[in-house]
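Me: I've got a model open here and want to go through the ligand sites. Can you walk me through them?

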Amino acid sequence: MKESYDLVIIGGGPGGYEAAIRAGQLGMSVACIEKRINKGEPALGGTCLNVGCIPSKALLDSSHRYEATKHDLADHGITTGEVAIDISKMLSRKDAIVKQLTGGVAALLKGNGADWLQGTGKLLDGKGADKQVEFTPLDGSAPTTITAKNVILASGSVPIDIPVAPIDNEYIVDSTGALDFTEVPARLGVIGGGVIGLELGSVWRRLGSEVVVFEAMPEFLAAADKAVSKEAAKLLKAQGMDIRIDTKVTQAQVENGKVLVSFDAKGQAGQETFDKLIVCVGRRAYKENLLGENSGVELTERGLVAVNDFCQTNLDGVYAIGDLVRGPMLAHKAMEEGMMAVERIHGEKVQVNYDTIISVIYTHPEIAWVGLTEEQAKEQGHEVKTGQFSLAANGRALAAGEAQGFIKVVADAKTDRLLGMHVVSAGAGDIVHQGMIAMEFVSSIEDLQLMTFAHPTISEAVHEAVLSADGRAIHAIQRKRK
Ligand code: FAD
Ligand code: NAI
């Protein structure tokens, strides 16, 4: 550890650790302060690597294989013996992947000359040229003050608690607890039909839980294109997920080893009993012990750190990124902001294109989108044209037994410019990148129509969707033709 750095980053999640690596590449002296302990060991990687993106995807993959082996192989003429799941092995596999990745991040920081300071960072004073950061080590030694020419605040977020369902980490858990159930709950309640509820609800449903999702809003997946949320609700319900919209949990209490959930469903009171209850009603910026009284950093009314489009706070040389600031709480958004902040400190004029941040929900099929929904495009005054193609008519999807879902494109009818792409399909999270790249290059629908897509691929449905925007899809009867 040095007494003074070009850059000190507080928080070693995807935002902070990528910023540290980039700063090292650019030759800055950089320290990343991270206090997390995962399974007894200090760990970089933040929420995403330790208790978020990566462990959830490991469980989604294991549970998908289990369900597919149990239910889908017979169609292919494959017979198996009795299919069983060893939960402790599944959890160890997840933990090993997390350890491999967090260890890899530590090696990357070291390899790029960035110091990882294991402990808590607090910005005492960010106003002058030499910013003061207090560092309290995890090993219990006395706090020290480091100076830094620049500071990036990247302390991330934590789950929102609701008083009606207090977390006890045994029966009522947050997303972190739901990654470590040691057995499959026979009945699982989920408060919040958002991304975590659908992903972790899917994991345990596939493994045998009866899952009930309580969603307070009258609309399911309100942020998605209406066609997407409708299709997603249909598919998830067909899989056995009991999604109850417009339903508010009024109380959850543990009685005799079960969770008794009282709720109000469109004005009608009800009760259900579960073995476990996951509370996943959103996340909030985490600022405990982050800012000293004289830090000088301004916050927004909602308690986020206030930043401009370039993640600069009100103070010169102090940036804030990721879940701590406005915008979607997504790892890739945090990463890009971290890189932007470092490069701007280095004098580059880079910026993040917030219009092309992709959303993915890792259910099966996956749900992914980029850009504007049809509804948003209309609200923004575009004369809208859309194209949609069902995977039921895509040869590769049929051959793979993955013919559920569709690809939809939203475009401006006057300029032909692609405004959004919405995908429900196996691998949607990868397919939607075609829309992102096309939008970054300000592609028109015609540009995409004129490209050759390999056959047979699910990506051909992208081609058919853009063709259908002008009534030209080949493998569908077109009502409007051009
Ligand atoms: P974080 O990852 O939260 O990292 C911040 C770090 O800062 C933490 O490790 C914390 O310990 C540390 N810290 C905080 N305060 C201090 C301090 N004062 N001193 C030292 N260290 C401090 N996003 C996706 O894009 N894709 C997904 O598939 C996805 N899946 C998710 C699944 C789950 C179950 C959850 C909970 C989240 C998921 N997310 C996903 C969201 C994603 O994890 C976050 O958007 C992302 O981690 C935010 O990155 P960050 O760097 O801003 O903060
Ligand atoms: P979320 O914001 O996605 O969903 C929360 C849901 O809970 C909303 O639909 C909301 O209406 C509902 N809700 C709120 N209060 C409620 C209440 N009292 N009763 C019932 N329902 C209530 O938040 P979630 O799922 O907790 O995820 C947190 C964040 O993590 C998200 O912002 C997301 O971006 C990120 N994440 C991203 C993933 C991905 O990219 N695949 C996966 C998991 C999380």
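Me: Start with ligand 2. Which residues come nearest?
Reply: This is a predicted model. Of the 19 residues around ligand 2, the nearest are Ile 196, Glu 199, Glu 215, Gly 282 and Val 360.

Me: What polar contacts does ligand 2 make with the backbone?
Reply: A backbone N or O atom of Val 360 is 2.7 Å from a nitrogen atom of ligand 2. An oxygen atom of the ligand sits 2.9 Å from a polar backbone atom of Gly 282, and a nitrogen atom is 3.2 Å from one in Ala 216.

Me: And how much of ligand 2 does the protein cover?
Reply: On its own ligand 2 has 830 Å² of accessible area, and the protein covers 73% of that.

Me: How does the shell around ligand 2 divide by class?
Reply: Into 13 nonpolar, three polar and three charged residues.

Me: Which helix gives the largest share of that shell?
Reply: Helix α6, residues 195–206, with three residues.

Me: What about α6 and α3, how do they cross?
Reply: Helix α3 covers residues 53–71, and its axis comes within 8 Å of that of α6, crossing at roughly 35°. The crossing is left-handed.

Me: Which residues meet there?
Reply: From α3, Ser 56, Lys 57, Leu 59, Leu 60, Ser 63, His 64, Tyr 66 and Glu 67. From α6, Glu 199, Leu 200, Ser 202, Val 203, Arg 205 and Arg 206. By class, that contact has five nonpolar, four polar and five charged residues. Glu 199 is also among the residues that come nearest to ligand 2.

Me: OK, over to ligand 1. How many residues surround it, and which are closest?
Reply: There are 38 residues around ligand 1, and the closest are Glu 34, Thr 47, Lys 57, Gly 121 and Ala 331. Lys 57 is also one of the α3 residues that meet α6.

Me: What does the Lys 57 side chain do at ligand 1?
Reply: An N or O atom in that side chain is 2.7 Å from an oxygen atom of ligand 1. On the backbone side, Gly 121 has an N or O atom 2.9 Å from a nitrogen atom of the ligand, and a polar backbone atom of Lys 35 is 3.4 Å from a ligand nitrogen.

Me: How much of ligand 1 is buried?
Reply: The protein buries 94% of the 1000 Å² that ligand 1 exposes when taken alone.

Me: Which elements give two or more residues to its shell?
Reply: They are α1 (14–25), β2 (30–34), α2 (46–51), α3, β5 (115–125) and α8 (331–345). The largest share, four residues, is from α2.

How values were computed
Residues numbered from 1 in each chain as written. Chains lettered and ligands numbered in written order. Predicted model: local features only at pLDDT ≥ 70, side-chain atom pairs only at ≥ 80, totals over all residues. Heavy atoms only, no water. Near = heavy atom within 4 Å. Polar contact = N/O pair within 3.5 Å; in protein donor to acceptor, adjacent residues only side chain to side chain. Areas by Shrake-Rupley, 256 points an atom, 1.4 Å probe, with all protein chains shown as cover. Nonpolar A, V, L, I, M, F, W, Y, C, P; charged D, E, K, R; others polar. Axes fitted to C-alpha atoms, helices over the stretch in contact; angles between N-to-C directions. Left-handed = near helix turned anticlockwise from the far one by under 90°. Contact = heavy atoms within 4.5 Å.
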